[in-house]
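My notes follow the structure.

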Amino acid sequence: MLSTLPRLIGHRGAKDSAPENTLASIREAARQGAAWIELDVMLTRDGVPVIIHDDTLDRTTSGNGPVPSLDLAGLRRLDAGSWFDPRFAGEPVPTLEEALELARSLGLGLNLEIKPYPGQDVPTARAAMAMLERLWPSDRPLLVSSFEVPCLEVALELAPAVPRGYLLWDPPADWAAIADRIGAATLNVHQDRQTADSVAAYRATGRPVLAYTVNDAARARTLFDWGVAGLFTDAPGRLAAELAT
Ligand code: G3P
Ligand code: MG
């Protein structure tokens, strides 16, 4: 079971203030006081787990084409910061190894979202879980999540003690059976699709509900009133401050 769950999780680090899923974004989330961050992990062509969200390089780097079109050496030549702001020029796509080391050193809790390139569910999950096993201390807060059920099955098989979050957007009819089968610790749902009744139905399975992605304080209050346990936010510092007033 999860011993602690945060109210706010910095989405892709602190996505509003720094280029998402970079070391700068992780540092910024910590600077803003986030207790936890969420990061997305995918494989390079040579099977190295790196932190990136999209299937393609185009939006968040100086490169283009599918992420697995490049090996790690090629990926590391790209600039993942300038698109966001020239201040971040030269910021690389981090490896999972670098991100884990930084997050750990900053004392952050981590939600690692396994975000496989299509067709790479099993190798991506295997690589991510192996790196977590090697680098993430067992007493530091950790949640592994995915929209892809095969990834969660691999996580269960390789590291049953690591809590798993089942990510849902348009839930399949048998979502509750899947959550049972993969031993989900949390249900991570799209905030915009929720009502008081939907949150109640998720909570009725006995699992905490986390909602992505919430940047508005009024919406955050509504979701908390409905019983949502925690929120992913692009602006962890600002939202925390607004919720405190
Ligand atoms: O894990 C929460 C959220 O990150 C899921 O959606 O597309 O932002 O990775 P996405
Ligand atoms: Mg994500």
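I first looked up helix α4 (residues 121-135) and helix α5 (residues 149-158), whose axes come within 8 Å and cross at roughly 40°; axes are lines fitted to C-alpha atoms, for helices over the stretch in contact, with angles from 0 to 180 degrees between N-to-C directions. Helices are DSSP runs (H or I, at least four residues), numbered from the N terminus. That angle makes α4 oblique to α5, because angles under 35 degrees count as roughly parallel, over 145 as roughly antiparallel, 65 to 115 as roughly perpendicular and the rest as oblique.

I noted that this is a predicted model, in which local features need pLDDT of at least 70 and side-chain atom pairs count only at pLDDT 80 or more, while totals for chains, interfaces and linings use all residues. Residues are numbered from 1 along each chain as its sequence is written, and chains are lettered from A and ligands numbered from 1 in the order in which they are written.

Next I listed the contact (C-beta atoms, placed from the backbone, within 7 Å): D121, V122, T124, A125, R126 and M129 of α4 meet P150, C151, V154, A155 and L158 of α5. By class, I found 8 nonpolar, 1 polar and 2 charged residues there (Ala, Val, Leu, Ile, Met, Phe, Trp, Tyr, Cys and Pro are nonpolar, Asp, Glu, Lys and Arg charged, and the others, Gly among them, polar).

I then turned to helix α3 (residues 96-105), whose axis comes within 10 Å of that of α4, crossing at roughly 35°. Here L96, E97, L100 and E101 of α3 touch A128, M131 and L135 of α4.

Finally, around ligand 1 (C-beta atom, placed from the backbone, within 6 Å) I found H11, E38, D40, H53, E113, S145, L167, N188, Y212 and F232, a shell of 3 nonpolar, 4 polar and 3 charged residues.

Note on methods:
Helix = DSSP H or I, 4+ residues; strand = E, 2+ residues; numbered from the N terminus. Contact = placed C-beta atoms within 7 Å.
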